[in-house]
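Thanks, everyone. Let's get the structure up on the screen and walk through it.

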Amino acid sequence: MNSELSSLQVKDIGEQGLLERLQRFCPPEIIGDDAAILETAPEQSLVVTTDLLVDGVHFSNLTTSPEDAGWRAAAANLSDLAAMGALPLGITVGLGLPGEVRVSWVERLYQGMTECLQKYNTSIVGGDIVRSPVTTLAITAFGQVNPSQIIRRSAAVVGDAIVATGVHGASHAGLELLLHPEVGQNLKDIERTALIRAHQRPQPRLDVFPILWKLLASPYPMPNAQCPMPISGMDSSDGLADAIIQICRASGVGAVLERRQIPVPKTFNRWLTPEQALEYALYGGEDFELVLCLPQELASDLVQHLGEGAAIVGRITAGSTVLLHDEQKKLPDQVLSLSQGFQHFGE
């Protein structure tokens with residue numbers, strides 16, 4: 001290794017550059033989605049995902065109680081399982097702690113994780129605790145899915161509709177209200193509480209696929225070896241724009257998003273400009289909704305069954321460009337990119 005490469009720092013290549021380098025250490029058929037797929041029994045595949053959270057980066061005592069930090073950590077991993085179409089089996093927890101952390105803080109953290117997991121009949125099944133200069137939480141979640149029902153990022157095809165399973169931007173709005181209590185003065189207390197709760201207690205969308213399987217049963221054929229899953233998707237934990245771009249990259253396609261179809265909380269128009277609301281929805285992140293690409297008729301049925309908040313936000317196109325389009329043609333098309341959202345190690 002030459003001296004130039006050996007002196008390269010993580011910040012020089014950024015999060016995506018580092019991930020590209022590290023992928024060579026993993027089997028290519030395993031990586032690239034929200035979770036790994038490990039073949040087990042003939043009728044089920046094991047789904048594994050790991051998430052790392054660091055004090056001061058992913059959670060803070062300024063905005064998040066220990067219970068809420070635990071809930072968010074569990075929800076993030078369950079959301080990755082949901083993005084693969086999997087049901088959770090259990091999680092393991094790796095915890096790095098300074099010695100000065102209060103035991104009560106740790107117990108409250110685990111209480112929050114447990115409260116989230118209990119909603120989905122899931123348990124903490126193991127883990128490890130080590131001394132660390134900064135509080136760090138690493139969760140590995142295990143799930144299972146029928147091999148014919150695995151959702152991947154790489155299955156989107158031209159003509160698919162793009163579905164967001166719920167509103168976007170609420171979590172980021174809740175964080176802003178926590179960091180800057182003086183903003184959003186036009187909001188009612190119940191509205192502020194709802195946005196803050198969206199940030200502190202996100203709900204992984206494990207409810208979506210049971211609905212989708214029922215829709216696929218009739219009149220659509222259930223997927224099997226001869227008729228594979230006609231759905232691509234991932235979760236929107238890093239923002240709606242990020243999810244759509246990642247799906248398009250994995251599938252070798254492009255997309256057009258309709259600016260006025262992107263679902264945001266109704267309260268946004270009381271305290272945010274349209275531009276701010278759009279920015280929150282596209283790049284705010286941590287909403288933990290699902291973004292799915294599927295045939296138009298199936299997409300329409302799914303949105304109808306999911307109800308308020310779910311929407312068809314665009315369509316998959318040929319090429320590789322992801323465009324934000326204004327149907328009313330009052331605003332020019334905008335090319336979306338990953339660099340516009342949050343990236344670890346970004347300047």
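This is a predicted model: local features need pLDDT of at least 70, side-chain atom pairs count only at pLDDT 80 or more; totals for chains, interfaces and linings use all residues.

Start with strand 9. Both of its faces are covered. On one side you have Leu290, Leu292 and Leu294, and on the other Val291 and Cys293, all of them buried.

Now, what does strand 9 pair with? On one flank, take strand 6, residues 161-164. Four bridges join strand 6 to strand 9, and the two run antiparallel. Ile162 has Cys293 as its bridge partner in strand 9. Then take strand 7. Strand 7 also pairs with strand 9 in the antiparallel sense, over four bridges. Here Ser232 stands opposite Cys293. So much for the neighbours.

In what order do the seven strands run? The order is 7-9-6-10-8-11-12. The sheet is open, and its pairing is mixed. Strand 7, at 232-235, and strand 12, at 334-335, are the edges, each pairing on one side only. Helix 3, residues 66-83, packs on this sheet and touches strand 7 and strand 9, the latter at 290-294. The direction of helix 3 makes about 180° with that of strand 7.

Next, the parallel part. Strand 8, residues 254-258, and strand 11, residues 322-325, run parallel and are joined by four bridges. Look at Val256, which lies in strand 8. Its bridge partner in strand 11 is Leu323. Is Val256 buried or exposed? The relative accessibility of Val256 is 11%, so it counts as buried; the cut-off for buried is under 20%. Leaving aside neighbours within four places in sequence, Val256 is in contact with Val313, Gly314, Arg315, Thr317, Leu323 and His325. One distance to note: Val256 and Asp326 are 70 residues apart along the chain, and their C-alpha atoms are separated by 9.9 Å.

On to a charged residue, Arg205. Where is Arg205 placed? Arg205 sits in the loop between helix 6 (189-200) and helix 7 (208-217). Arg205 has a relative accessible area of 13%, and therefore it is buried. Which partners does its side chain have? Another, at 2.8 Å, joins the side chains of Arg205 and Glu289. Beyond four places in sequence, the contacts of Arg205 are Ala82, Thr165, Gly166, Phe288, Glu289, Leu290 and Leu306. Two of those names tie back to what we have seen. Leu290 is one of the buried residues of strand 9.

Last stop, a helix pair. Two packed helices are described by the angle between their axes and the distance between the axes. For helix 8 (residues 240-251) and helix 9 (residues 274-283), the angle is about 50° and the axes are 4 Å apart. That makes helix 8 oblique to helix 9. Which residues meet? Leu240, Ala241 and Asp242 in helix 8 meet Ala281, Leu282 and Tyr283 in helix 9. By class, the contact has five nonpolar residues, no polar ones and one charged.

That's the tour. Over to you for questions.

Terms used. Residues are numbered from 1 along each chain as its sequence is written. Side-chain values use heavy atoms; hydrogens and water are left out. Axes are lines fitted to C-alpha atoms, for helices over the stretch in contact, and angles run from 0 to 180 degrees between N-to-C directions. Angles under 35 degrees count as roughly parallel, over 145 as roughly antiparallel, 65 to 115 as roughly perpendicular and the rest as oblique. Contact means heavy atoms within 4.5 Å. Ala, Val, Leu, Ile, Met, Phe, Trp, Tyr, Cys and Pro count as nonpolar, Asp, Glu, Lys and Arg as charged, and the others, Gly among them, as polar. Buried means under 20% relative accessible area, exposed over 50%, partly exposed in between (1.4 Å probe, protein chains only). A polar contact is a pair of N or O atoms within 3.5 Å; within protein, one must be able to donate a hydrogen and the other to accept it, and residues adjacent in sequence count only if both atoms are side-chain atoms. Two strands pair if DSSP finds at least two bridges between them.
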